[in-house]
Amino acid sequence: MTTTITETYGVDPTPTPLALLLLGREADPNSERGVECPGDLPAASDPDLVARARAAKEALGDRVFILGHHYQRDEVIEFADVTGDSFKLARDAAARPEAEYIVFCGVHFMAESADILTGDAQQVVLPDLAAGCSMADMATAEQVAECWDVLTDAGIADVTVPVSYMNSSADIKAFTGKHGGTICTSSNAQRALEWAFEQGQKVLFLPDQHLGRNTAVREMGLSLDDCVLYNPHKPNGGLTVEQLRNAKMILWRGHCSVHGRFSLDSVNDVRERIPGVTVLVHPECKHEVVAAADMVGSTEYIIKALDAAEPGSKWAIGTELNLVRRLAKAHPDKEVVFLDRAVCFCSTMNRIDLPHLVWALESLVEGRVPNVIRVDPETEKYAKAALDRMLALP
């Protein structure tokens, strides 16, 4: 019997305008940056596309190292030398100094981190410059500088330590490094916050409010009252001086557009549909979703949990759909479903498709280096300082 995508993942694959946008096949000019590739971009239906990718990669040999984020399409992952989350991939790139070209199949901030951590002679290529990150874009350098002025005026900047999520721009990482803070991932956020509270009395957490709140409350025993939400679009962040002075966690008003879609209704619905299901979600989900879940963890944690799960067990996963579909395929002895009924691809991550990857690789074969991601030396200096503090965490 054939099982449809709708039956397996709770997703209607009908190509509505919203679904096409989420799949990266349409553009929203009000929210996403676009780029035109010079030359011919092969169509996704090109029957020679896979062969062309293999030929180009073989021609480049050890000169190229292809990184594939877990949220990428299967057609891209097939050609990745390594897969992983954003920081693991950046470190993998740094461990391959012989590779002239690092082709990062991820999003812009990830490629920036790879450029910061790799050697000066290496060039980091992002196959489509439109592959950004809505969360990273929710905190600009100007906004964060203004926030620091607000904290200074409130008399608390000198006791506040910035902690920035890896999912942030190089500019935000540099701000963090310049002000004595550290970077964190979803795997080590608790250790980063513990370190920060040893350095000061408060934390400014950028740019994902949910990871900051969930870590502080769920892992460290702080209360929701210890957290305030700074809105960069309101005067003084929408907060009073008293609120800022009383808070322990000053959370930036940012979120992941994928994980932010999951709701308490999603959890209740899947429990009703699948008795005995284990709900496993990413800590970028809303606090009420995390509180209702059975297990919470990073992308790597989710993968390891499924690997270790008993045959016959049932799982509802709250993270990006490409990864959930890949996990379901890798574990046919378990029932693995997507937590929500709605399509939830990462729109900008999905812009790195096979046509863009082929275009990038063939350009390198022809001696042209497209879409190079380069962080300026001053920004790199302070961003690396923040990253080095993270690497030094116990």
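Is E142 buried or exposed? E142 is exposed, with a relative accessible area of 59%, where exposed means over 50%, buried under 20% and partly exposed in between (1.4 Å probe, protein chains only). The model is predicted, so that local features need pLDDT of at least 70 and side-chain atom pairs count only at pLDDT 80 or more, while totals for chains, interfaces and linings use all residues. Residues are numbered from 1 along each chain as its sequence is written, and side-chain values use heavy atoms, with hydrogens and water left out.

**Charged surface**

- E142 lies in helix 7, residues 141-153, helices being DSSP runs (H or I) of at least four residues and strands (E) of at least two, numbered from the N terminus.
- Together with D171, D376 and E378, E142 forms a negative surface patch, a patch being made of residues with over 30% relative accessible area and no salt bridge, in which like charges are joined within 9 Å.

**Aromatic pairs**

- The structure holds three aromatic pairs, counted where ring centres lie within 6.5 Å, with planes under 30 degrees apart taken as stacked, over 60 as edge-to-face and the rest as tilted.
- The pair of W148 and F175 is edge-to-face, because the ring centres are 5.6 Å apart and the planes stand at 80 degrees.
- This pair links distant parts of the chain, with W148 in helix 7 and F175 in helix 8 (residues 170-178), 27 residues apart, and both W148 and F175 are buried.
- Y230 and W252 form a stacked pair, with 5.3 Å from centre to centre and 25 degrees between the planes.
- Y230 in strand 8 (residues 227-230) and W252 in strand 9 (residues 249-252) are 22 residues apart, so that distant parts of the chain are linked, and Y230 and W252 are both buried.

How values were computed
Patch = residues over 30% accessible without salt bridge, like charges linked within 9 Å, V, L, I, M, F, W, Y side chains within 5 Å. Areas by Shrake-Rupley, 256 points an atom, 1.4 Å probe, with all protein chains shown as cover. Salt bridge = Lys/Arg side-chain N within 4 Å of Asp/Glu carboxyl O. Lys, Arg positive; Asp, Glu negative; His and termini not counted. Charge placed at Lys NZ, Arg CZ, Asp CG, Glu CD. Phe/Tyr/Trp six-rings, centres within 6.5 Å; stacked < 30°, edge-to-face > 60°.
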